[in-house]
Amino acid sequence: MEWTALVSTVAGGGIATLSAGALEFWRWKRQRVDQNTENRRVLYGSYLAVLSSTRHTLGVLARDTDISAVERAKAVWDAYENCISRRYEVEIMAPVRVVAAAEKTHQAIRDLCVAVAGGITSDSEEYDHHRQAYKEVHLSLRSAMRSDLGTEP
């Protein structure tokens, strides 16, 4: 029996095994990155939906002048409650740029909640100020999220 044939066969098998292992590792790594991106995309969409729902509720409550102060405050804080857990999820999963923008947006929606719970109405200058401040930071948040996901236009 010739040793060179045996050594060549073992070396070829080793190279093939290492190549397959390396290929599988890179495939796994790419899938992991893709899955993390998809998880953030779903989380960002969910957070933006909760913010939108809360903002809509605040607008409705600011226009409703017939509601009692107690009912208004309860409705405001019930709507705001949904934002809190999503914000913490964003803080855990998102990069620092998105977290900073999410924190500013959260502060702006909370300020709007305080104002609406306090009784301001949609025709007041204070309401317009809070609404505009929220709109600006919300735009910044969406831009940071798009950038993180690689979908910046």
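**Figure 1. Secondary structure of the predicted protein chain.** The protein chain of this predicted model contains 4 helices and 0 strands. Followed along the sequence, these elements give the pattern α-α-α-α. Along the principal axes, the C-alpha atoms occupy a box of roughly 100 × 30 × 20 Å. The radius of gyration of the protein chain is 26 Å, whereas a compact globule of 153 residues would have a value near 15 Å.

Figure 2. Of the 153 residues, 27% count as buried. The side chains include 19 that are positive and 20 that are negative, and the centres of these two sets lie 5 Å apart. When contacts between residues at least 6 apart in sequence are considered, 75% of them join residues at least 24 apart.

**Figure 3. The largest nonpolar core and Val98.** In soluble globular proteins, nonpolar side chains tend to be buried together. The largest nonpolar core of this model has 30 residues, and Val98, Val116 and Leu141 touch the most other members. Two or more residues of this core come from each of α1 (3-63), α2 (69-93), α3 (96-117) and α4 (125-149). The greatest contribution is that of α3, with 10 residues. Which residues does Val98 touch, apart from those up to four places away in sequence? They are Tyr44, Val90, Leu141, Ala144, Met145 and Asp148.

**Figure 4. Glu103 in helix α3.** Glu103 belongs to helix α3. With neighbours within four places in sequence set aside, Glu103 is in contact with Arg87 and Glu91. Thr57 is 46 residues from Glu103 along the chain, and the C-alpha atoms of the two residues are separated by 20 Å.

**Figure 5. Glu38 in helix α1.** Helix α1 contains Glu38. Is Glu38 buried or partly exposed? A relative accessible area of 33% makes Glu38 partly exposed, because buried residues are those under 20%. Glu38 and Glu89 are 51 residues apart in sequence, and their C-alpha atoms are 14 Å apart in space.

**Figure 6. Gly118 in the loop between α3 and α4.** The loop between α3 and α4 includes Gly118. With a relative accessibility of 68%, Gly118 counts as exposed, because this class begins over 50%. Ser19 and Gly118 are 99 residues apart in sequence, and the distance between them, C-alpha to C-alpha, is 66 Å.

**Figure 7. Asp64 in the loop between α1 and α2.** Asp64 is located in the loop between α1 and α2. At a relative accessibility of 29%, this residue counts as partly exposed. How far apart in space are Asp64 and Thr121, C-alpha to C-alpha? The two residues are 7.8 Å apart in space, although 57 residues apart in sequence.

Technical notes. Residues are numbered from 1 along each chain as its sequence is written. This is a predicted model: local features need pLDDT of at least 70, side-chain atom pairs count only at pLDDT 80 or more; totals for chains, interfaces and linings use all residues. Side-chain values use heavy atoms; hydrogens and water are left out. The radius of gyration is taken over C-alpha atoms; the globule rule is 2.2 Å times the number of residues to the power 0.38. Buried means under 20% relative accessible area, exposed over 50%, partly exposed in between (1.4 Å probe, protein chains only). Contact means heavy atoms within 4.5 Å. Lys and Arg count as positive and Asp and Glu as negative; His and the chain ends are not counted. The place of a charge is taken as NZ of Lys, CZ of Arg, CG of Asp or CD of Glu. A nonpolar core is a set of buried Ala, Val, Leu, Ile, Met, Phe, Trp, Tyr and Cys residues joined through side-chain atoms within 4.5 Å.
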